[in-house]
Structures are given as structure tokens and as C-alpha cells.
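Please open the structure in your viewer and keep the selection tool at hand.

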Amino acid sequence: MKLDPSFIWTAFVGLLPAIPTTLILTLVSVTCGFVIGTGTALARMYRIPVLAQIASGYVTFIRGTPMLVHLLLIYFSLPLLIDALSAQFDLGWNSAKVPMIAFAFVSFSITAGAYMSEVVRSGLMAIDRGQMEAALSVGMTVPQAIRRIVFPQAVAAALPNLTNSVIGMLHGSTLAFTVSVVDLNAKAQIVASTNWKYFEAYLAAAIIFWGLTIAIERIAAAIERRISLYSRGGVA
Amino acid sequence: MEYGFDITYIFDFIPKLLQVLHLTLAIVAGAIGIGLIVGLLAALPRLYKVPVLQRLSQVYTSFFRGTPILIQLFLFYYGLPELLKLVYIDVTKLPVLFFVIVTFGLNAGATISEIIRAAVTAVDRGQVEAAYSVGMSGYQAFARIVLPQAIAIAVPVFANLVIAMLKETSLAFALGVMELTGKAQTLGTLTRHFMETYIALAIIYLAVSFTLERILLLFERKLQRHMRRDAADAERRWRLWRGRKPMRERSPEVSGKEVPRYEA
Amino acid sequence: MIRLSGIRKSFGRQEVLKGIDLHVGKGEVVAILGPSGSGKTTLLRCINYLEKPGEGEIRIGDQALDARRAGKKDVHALRRRSAMVFQQYNLFSHKTALENVMEGLVVVKKMSKDEARKRGIALLEKVGLGAKLDAYPSRLSGGQQQRVGIARALALEPEVILFDEPTSALDPELVGEVLAVIRRIAKEGITMIIVTHEMGFAQDVANRVVFMDEGVIVEEGPPAQLFGNPKEERTRQFLKRLTPEASYTI
């Protein structure tokens, strides 16, 4: 077996059709994760009884176990749950009809939710109490203060962590191959095994992921420049 | 699924899985060991702005932080023997574990170099000036003043990395390594009780990361004792530490912005 | 004995020091005054080589150094003859008060730890901190930190101690304790150069006062003369601005 540089290009082209799957996995997990994370963070910050305890148990569990384990647990437990519900209420559902990618969506969103809750929490905690008071003191209403003062600052504070989470989920989406979803990683395996050129295929996949990561970082940097003009040139 | 859920299997599986815990821990320890050496080597050219090396180190960190570790594992497993063959080194007979530890080590090194860079930058410039003013050389100032303070600043982020590494070792199963996750999959296939195996697996990961977190918190306390404002505060934190389980926060000195850690 | 000749320093296009000549005799206490941006702190930092002068010669004792041909060894040798007390104290934050004083002795002067400890304890007692030997800087007040800074400088027995606005970061009620310590060691015949804003203190403790403005030495002389009867208009303006209440009396 010898290195075949031209196959890197062939593999690269062969991998392109799998990019949308990877991006959709990332997008869905980040979006749903953000919603779950916001709810979790608020439940913990406002110490809502019961919910707060469940929320912190959830975060501790998810952050203490690998994402792969979450996926495997969901993959094996969700069908049981669906079939049980279906039998109980005679819904006529069948877990076999659920597309594989749905398991990845659910599991990745649950994973992302726990990490996102920390992102949201640190963003909200970064805002100085005085900012709200100052906004009210110049005559803004509470919604105005939140929209014009608090929210932009929270986003600016949370953006670096948010970017990390997005990139983390992009990279984590490679786990989808364990439930037979053909993302970039699974596609690389397919392309490689048909030609027995593993190194070249994975190199092509690595380059695509590298490019996507850098693109996400660039976009985040551009957004950050726009929204955090105020903090430029500080000592912190 | 004719095999019903049976909780006793969980207790049955835990000791079986624990038999391979040492493999998982060996990967973590090996990776962190390699990562510390590589990370320091990669951080130095960027801290001292050494022309070409600085650029190389940048590409290295960018690549290992910009690609999924799973891809890196495959890339090294299939690619390293090819590359080394070019310089007449035969590694095809080495165990898979070797490739796994090297890959995780290089991956950790990229993050560690960023941690070191951020922590060193976070040390107040006045500290170096004071070191010079008492007559220290550049090396003495770095080794005796900057580095110890940087290490203290970096421990919390480093602790996060260790925990993240522990979780990422689960990916080694993809190359057929029989660590915790690999073993769990075998057990699952063997008994058809997947749910129970994975619950047992989750419990073990949870316990190990909890324990590691505690140990690292002890280090943090020891290394950061000079940062505490007063004894009463220290005492309160100590009680908090023993009584409750605090979720680890990033240290304020090194924000997530400077040392991002991609979790998976 | 310290002699500075033709010290020039620029930051980018801005020339901060425009050829400074200054001589400080053994045991002399010199206070440097001037408005902010006059270059006085930069001058002090050049003596300790924390700023690299563009050109000029620095001589401390028999160690001379030409800024244009200074090697690492020369810089090191020069630095070992002076010590600095910083505006922000700059105590080593991971070391206790005593370790801060010992650090230079053990690492640079290669003194044994026992000996360094003895000297450190004696010096900290001298600055009134005998009870704080094992405290970390984060647990000391600003005034206490600065006194440790002074002890750290004294420990090295340098030919000159450079004070860079030693009290300007302190709360007003803590200024006194630091000035008292400096006053005491001034009486012991240690050569000192002090950049300060404390006029009364400068008048009291200095043998000679140097007034700097816009990168040059405008005027120098004994405190009585410089404060009581300044020759230069710029000096007069500066002193007048510092004591505005006098000019507004009705």
C-alpha cells in the first residue's frame, strides 16, 4: 500500500455529498441544545424547586459521561419507550419506522443541552447588575433594557463559549456512524473501504472538518467584532 | 426486544467493566503525559515568537483542534505506518493501543499548548520586571516566577481537559480497543442486554470523572493557595468542597475565550 | 556613584527622553519630580534596564554600559547593582513575604537558604512586618506589600535603590507608613533615586531635587532652593499648579 495523493482529491469529491448531513446534525443539536440549555440554566439560576434539582442532575450526568454513551443509551432505550407507549395507548407507532438520524438528533440535542446550559449561565452571570439599573435610570422600560442593554452584553459574553460548543457538536457529530447515519466520517469509511485507501480518505475528511471549523471561527469572530465594539481596547 | 429490562444485570456488569478500567486510565494518563511534553514544546515557540517554529506550532494546534478526534484516530491508525515507512521505521506490528495513545496525546498537546500560552500571558507583566529587578536572568524569571504562577492559573482548565480526555477515550472502541466502551459493547452483544450495559458504563464514567475532579480540585487548592484573599474565605471554601459537589467553573483568570476546549 | 550620560529613548515616533545627563553621588538621595508624561518613570526604568534606552551611557559604580553595544551579560551585571521598588509593588504573588525577600538572595546571589532566611527576617522586622513573614501578598494591604517590596530591594544590598512612585497606588491612609520606612533607610546612607509626587516628602528626605519636563531635566538643586526659589519659569508653573489653593486666596 502506497500513498496516493491523487486519491485525496477523489475522496474529497466523494465526501462532498455527506457535508449536508454533518451540518444538519450540528445545526439541529445546537439549536435544540440551546433551547434545552436555556431552560436548564434558568431553572438553576432562579432555583425553581424540583426543576432546579433535575436540571443540575441532568447537567452533572451528561458532563460526566461521554457523548457516545448518551447516543448508545438513547439508541437502545428510545425504541423500548416508543413501543411501550404505542402498546399502552394503541397509537400504532413502531420504533422500526423511526429513521436512524432521529436517534442522533435526540441524543446530540440532549448532550448539547447540558453544555449549552453552562454557556447560557455564564453569559447571564457575566452581566453586571449595575447595567440594568443604569438602563432603568435613564428611563428605559424593562423590556427595552433587556433588549438593548442586557441581551447584547450577554451574547457578547457567551459568544466564545457558544462557538466552542458549536465546534464541539460539529466534531461530535462524527459519532453518528455508530447508528448507521452516513455523515462525513461514515462516508470516509465507505469511500476508503471500496478502494482500500484509508489514509487518503480520512485525510480528505480531516481537511473538510478543518475548513468547516475555521469557517465557524471566522463567522464567530466577525459577529463578535460587530457586537462587542464597546469592549474593545479594555484592560480585561 | 424479547429481553426485558433487568436491573440486576447492571450490578452484574459493573465489576466486569471495571476489569478494563485500567486501560481507559492508561490512555488518559499516556495522553496527558505526551500532551504535557508536546504542549510545552508547541507553546514555547509561540510565546517567544520564534519565526518558522511559531508558524508550525500554529498549524499543529489548529489542525488538532479543528478536526474531530475520531477522524484523527483513523488518520493516525492508517497513516502513521505509511509515513514512518518512508523513513524505514516499521510500526505495523505495534498494538492498536499505541496509536490510540499517540493520537490522544497529540490531541491533548494542542489544547495544552493553548492553555500554557493563555496562562503565561495572564501572568502580570510586573512579575517579570520584578524578577529582572532583583537580578534574575530571563530563564530564571520564567522558571521561578512566571511558570509556577501560570501553572496555578491553568489548573482548573487543565482539570477540564483531563475529564474531557477521559470521556473521549470512549472513541478508542472504534479501533477495536477493549477499554470501557469497547468492553461494554461486547457485553451488550453477548447478553443482548444493551440498556443495562450502557447504564453500568455511564455509572462507571460518572464515578471516575467525579473522582478525578476531586483529586484535581485538591491540586488546585494546593497550587492556588497564594491566590486566596483571607483565611476565613479559604476555610469556607474548604467546607463547601467537602460538603457539596460544586460543578467545576472555569477560573476567571483564563476565560473560555482564550482556552476553548471542544467537548465531545 | 551613578552617572547617566546622553540617555535618549523613544516610543515609536515620540521621543520621551531627549538626552539626559545625571550624576548621583554615593549616599545621595535624589528626588525626581515632574508632570506626568515628563519621562521621569521611563528614566528610572532605563537605569534598571527594564526599558532599553535608544542611546547613552549608564554607569553604576565601576560597571558601565553603552546602550548601543549592550550585551546580555552587561545588562545582567548592571541590573545586579540596582534594585527597584515598583509603583504596583510587583511582589511575586506565589511567594510569601519572606520568600519574596529571599528569592533574589538565593537565586541570584547564591546565598544559602538559612542565611537568606536570617537576612530576610531581619529586614522584614526592620520594615515593621516581623509578624507577616508567611503571609502571601494577596493577604497584605498595599502599604504592607510596598514595605515588603522595599525589604526585597534592600536585601540585595544594591549600590542604588530606585523608587518608582512608591506611594501613588496606595490609599491615602497607608502612604504614611511607607514614607516613614523610606525616610528611615535614607538616613542610613543608602543611595536612592525616587520618582514621586509627594512634595513634602521630597523636600524632607532628598538631598537634591531634579525637575523634569518633556524629556529633559529643567532644573536641579537642593530642595530648599528648588522649592523656595526656582530659577526656571516651567518649574515655577509646575509648583504653582501643585499648590493651587495659594493662588486662589481672596
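## First stop: a salt bridge in chain A

Select Glu118(A) and Arg121(A): these two residues form a salt bridge whose closest N and O atoms are 3.9 Å apart. The model on display is a predicted one. Both residues belong to helix α5 of chain A, and because they are three residues apart, about one helical turn separates them.

Together with Glu118(A) and Arg121(A), they are linked in a network of salt bridges. Over all chains, a search of the whole structure finds 22 salt bridges.

## Second stop: chain A as a whole

The chain has nine helices and zero strands, and its pattern along the sequence reads α-α-α-α-α-α-α-α-α. The C-alpha trace spans about 70 × 55 × 30 Å along its principal axes.

Of the 236 residues in chain A, 45% are buried. Consider next the contacts in chain A between residues at least 6 apart in sequence: 78% of them join residues at least 24 apart.

Display chains A and B together. Two pairs of chains are in contact, and of these, chains A and B share the most contacts. The contact draws on 45 residues from chain A and 44 residues from chain B. Between them the two chains bury about 4,100 Å², of which 74% lies on carbon and sulfur atoms.

Which residues of chain A lose the most area to chain B? Select Phe76(A), Phe199(A) and Trp210(A): these are the ones, and together they account for 15% of what that side buries.

For the polar side of this interface, look for residue pairs across the boundary. Seven residue pairs are in polar contact between chain A and chain B, with both residues at pLDDT 80 or more. The count of salt bridges between these two chains is zero.

Colour the helices of chain A next. On the side that touches chain B, at least two residues each come from α3 (51-64), α4 (67-89), α5 (100-125), α7 (142-172), α8 (184-195) and α9 (198-227) of chain A. The largest share of that side, 12 residues, is supplied by α9(A). By residue type, the side of chain A that touches chain B comprises 25 nonpolar, 14 polar and six charged residues.

No contact joins chain A and chain C, and their closest C-alpha atoms lie 16 Å apart.

Select Lys40(C) and Glu165(C). They form a salt bridge, with the closest N and O atoms 3.9 Å apart. Lys40(C) is in helix α1 (residues 40-47) of chain C, whereas Glu165(C) is in the loop between β7 (160-164) and α6 (172-186), so the pair ties together parts that are 125 residues apart in sequence. Lys40(C) is buried at a relative accessible area of 4%, and Glu165(C) also counts as buried, at 10% relative accessibility.

Move to Arg147(C) and Glu177(C), whose side chains meet in a salt bridge at 2.8 Å, N to O. Here the partners lie in helix α5 (residues 142-155) and helix α6 of chain C, so the bridge ties together parts that are 30 residues apart in sequence. Arg147(C) is buried, with a relative accessible area of 11%, while Glu177(C) is partly exposed, at 25%.

## Last stop: a hairpin in chain C

Select residues 55-60 of chain C, strand β4, together with β5(C); the two strands pair in the antiparallel sense over four bridges. They form a hairpin with two residues between them, and Gly61(C) in the turn has a positive phi of about 60°. Within this pairing, Glu57(C) stands opposite Asp66(C) in β5(C).

Finally, examine the two faces of strand β5 (residues 63-66) of chain C. Gln63(C) and Leu65(C) make up the covered face, and Ala64(C) and Asp66(C) the uncovered one.

Terms used: Residues numbered from 1 in each chain as written. Chains lettered and ligands numbered in written order. Heavy atoms only, no water. Buried < 20%, exposed > 50% of the residue type's maximum accessible area, 1.4 Å probe, protein only. Pairing = 2+ DSSP bridges. Contact = heavy atoms within 4.5 Å. Buried area = accessible area lost by both parts, 1.4 Å probe. Salt bridge = Lys/Arg side-chain N within 4 Å of Asp/Glu carboxyl O. Polar contact = N/O pair within 3.5 Å; in protein donor to acceptor, adjacent residues only side chain to side chain. Nonpolar A, V, L, I, M, F, W, Y, C, P; charged D, E, K, R; others polar.
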